[in-house]
Amino acid sequence: MKRIKWNDDWIFLKPGENPMMAAISGGGGCGEIVTLPHDAMIHEERTPDTKNGHQTGFYPGGCYTYIKNFTAPREWAQKTVLVEFEGVYQNARVYVNGDYAGGHPGGYTCFSVVLDDFLKPGENNELKVIANNSAEENSRWYSGSGIYRDVNLIVGNQVHIGMDSVRIQTPEVEEDLAVVQVEVTIRNQGGRKLKTRLYIELTDPQGTPVGKTEIPVTVFAQDEEVCRQRITVEAPVLWSCETPKLYTCRLVLKAEGEVLDEAEEVFGIRTISLNARKGLRINKKEVKLRGACIHHDNGIIGAVTLERAEERRCRQLKEAGFNCIRSSHHPLSRAMLNACDREGMLVLDELSDCWTRSKNNNDYAQYFPDYWEFDAKQLVAKDFNHPSVIMYVTGNEIQEAGTAKGAQLNRIITRKFHSLDDTRPVTVAINGLLSCMDHMGEIMCGIMGITMEQMQQMQAQAAAQPASDAGSDAANGSTDLMKGPMADAFAANNIVTEILEEFTSVTDLVGYNYLTARHAKEHELYPDRVILGTETLPSDIVRLWKIVKENKHVIGDMTWTGYDYLGEAGSGCFYYDGRQGFMPNWPISVAYMGDIDIIGYRRPISYFREIVYGLRTAPYIAVERLNHYGEKVNKSAWAWKDEIASWTWDGYEGKPAIVNVYAAAEEIELFLNGKSMGRKNAGEEHEWMCSYEIPYEPGELKAVGYTQGNEAGQDILVTAGRPAILKARADRRVLKADGADLSYITVNLADEEGRLNLWAEKEITVSVEGAGTLQGFGSADPATENRYDNTTWKTYDGYLLAAIRSGKEAGKIKVTFTADGCEAAEVMLTVDTGKKE
């Protein structure tokens, strides 16, 4: 059964608008016509008074209605018709011609509704979807609202290939041949048996047929048959991070020469093995996971899941040195999985952020006991044929991990995943602080050498804190227990080991969040256990990667986070005014802790990480912000350094500047306007960096690396003059006329010589004319009160980003940027239908 995107011509109603009037008027004057996917939350008015607070970036939720009027062809009376929703946040209820047809409370699970009993063939029909996200404090991060992923129409004959029933495995892979096993379910919803024939053909990455077969199948009335066939492929091209080559499996179901149904699946030929002696191996080669946790939003366009947005984010992470992402903390979108398949990015797909204990007043814990099996089934059905998916994660920082019932539920969920897919390992991400909260007094007394009475006094003081600072926020804000000697003492504590012993014995490998001191120790306690740092601190990358390299049983590290995101606002910010992270610090909207910022600009830690990974040989210069030199800073354990790659600091001439040089080279020599500032040791023995404190002097700052006396690369920063030019660069200039393609245009300030000026600030206005629309516009400024659907923004660190969305018609899009004192910048885009004239 084929999916047809059904994203066009929906009437969108905000809270308070009358759905009856919209249906009568066709949206005229009430509601607006939108093309899905659509994130309603990004267009809401942010307010410091919302109950969601900093967790969603001060965005409120609401109850939103979507209506689609359509004519059902008469032939649908003899077919089965479904509508599939890839993601609706949240509490979706679907009505067809006024009658309830189905829904799902979860915001990230794909679900479908069968329309057969509700349709009026040959007449006008109404499909209405209500997304109720009005119960605030339901998410610990920016959730988005409404139908933010694709909606698909699926029409099939009574005898058809079951939706998501094609399952492809590669059980045998050798250098000269591979066995591809194709399993498919054929369903008969009719009243009589039918003799069918199923044709299967495999084609290689170039589209050349490499194997085919046909299977006779008699499918009895109101029944289904499962067919399984093994096909040999000679000289297979294996899928890996370096060579993400994809094959195609095409299936055609016929009866009496008539085509009843068709299906097509893309897959990769590859093997996975995992053990404590040889670690993780893909195609028999050891792979260390250079991982990044990511949330699901796409920055300035919100949670809306467009294929191009997911592809861009995936590609940028890959270019920054990552080879693996962990979806945090929900099932990943199909669009991102497709991108990961194409780009060679490994995936850990995650079921949920909570099980039975809530982390927020209205979170998914209230539904999880009743819906987790459905969610798990849908997750596996979505993921099964994607070679990028190498692992399932059953939950994140589960609070019941320290209980016998929690361990039992872990066994049940893990067993369910194994029954659905026995080709991939299963893990769970464990946070020791949350798991051992009931025993913290006993643990901390031992670590700190204090009495229980003293500890009880400290606990009483903590309990007096506002309710919004409890639970996960309190744990996240406990910097001393997240990093440093006390964190290590906690992680290695014997009581922690005992509490977690049963829970950690369940899964194929153990994922630890912020328990770095356990990674190497685990091999002594459990010689056959495999460890993954499922969530770790960016600032701890040097130590973490050394542990990964030196221990076979530690297969990788997943930093929090690879890409900045909306919500958990200000948790990674630098505060010079006494405030601190994980607090409601209005008007901050983003977390500000990604290697890549919210508009796609790589921050200095990204280049530092690339050097630690061994992927970059040239040094990299970063300068701590001169305007905050000497000031006391409050920062969470997730923050790195408040620095940018700039040597333009107007007004700070002669003032001290701290210059950090990240380098794989053994030595670094820093030059300011040709004068040596001295040589310093760098490289692995000196944690891949050295620092200089020098007076700021405009001109050229150059770092030269030396290894064994030979030059090993250099990096240069040059002072820019006053901004006189707007530079606008589109990442693609030809878009598909599908209503969902994107071009991302980066805008920055430059002087007359074209040198970037990251210090200057200017308001820039964007206008869009022609065959497209402005999907989002903004900067990476964490503390702005501006909106991403506004057309005027002030630059932050020199940059702005505009996302331009194509329409459905061919034509041109003219995008113009203007700013006082600068010549306008114009970008022309082409929207192409792809049809040959």
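**Exercise 1. State what share of the residues of the protein count as buried, and describe its overall size.**

Solution. We begin with burial, where a residue is called buried under 20% relative accessible area, exposed over 50%, and partly exposed in between, with a 1.4 Å probe and protein chains only. By this cut-off, 58% of the 837 residues of the protein count as buried. The structure is a predicted model, in which local features need pLDDT of at least 70 and side-chain atom pairs count only at pLDDT 80 or more, while totals for chains, interfaces and linings use all residues. Residues are numbered from 1 along each chain as its sequence is written, and side-chain values use heavy atoms, with hydrogens and water left out.

Next comes the extent: the C-alpha trace spans about 85 × 65 × 60 Å along its principal axes.

**Exercise 2. Count the helices and strands, and judge how compact the protein is.**

Solution. Helices (H or I, at least four residues) and strands (E, at least two) are DSSP runs, numbered from the N terminus, and the protein has 15 helices and 48 strands. Its radius of gyration, taken over C-alpha atoms, is 28 Å, close to the 28 Å from the globule rule (2.2 Å times the number of residues to the power 0.38), so the protein is as compact as a globular protein of 837 residues.

As for contacts, meaning heavy atoms within 4.5 Å, those between residues at least 6 apart in sequence join residues at least 24 apart in 71% of cases.

**Exercise 3. Work out the strand order of the open sheet of six strands, and find its edges.**

Solution. Two strands pair if DSSP finds at least two bridges between them. The order is β3-β2-β4-β10-β7-β8, with antiparallel pairing. Because β3 (32–34) and β8 (99–104) each have a single partner strand, they stand at the edges, and one side of each is left without a neighbour in the sheet. Within this sheet, β2 (residues 10–13) and β4 (residues 63–71) pair over three bridges, and L13 stands opposite T65 in β4.
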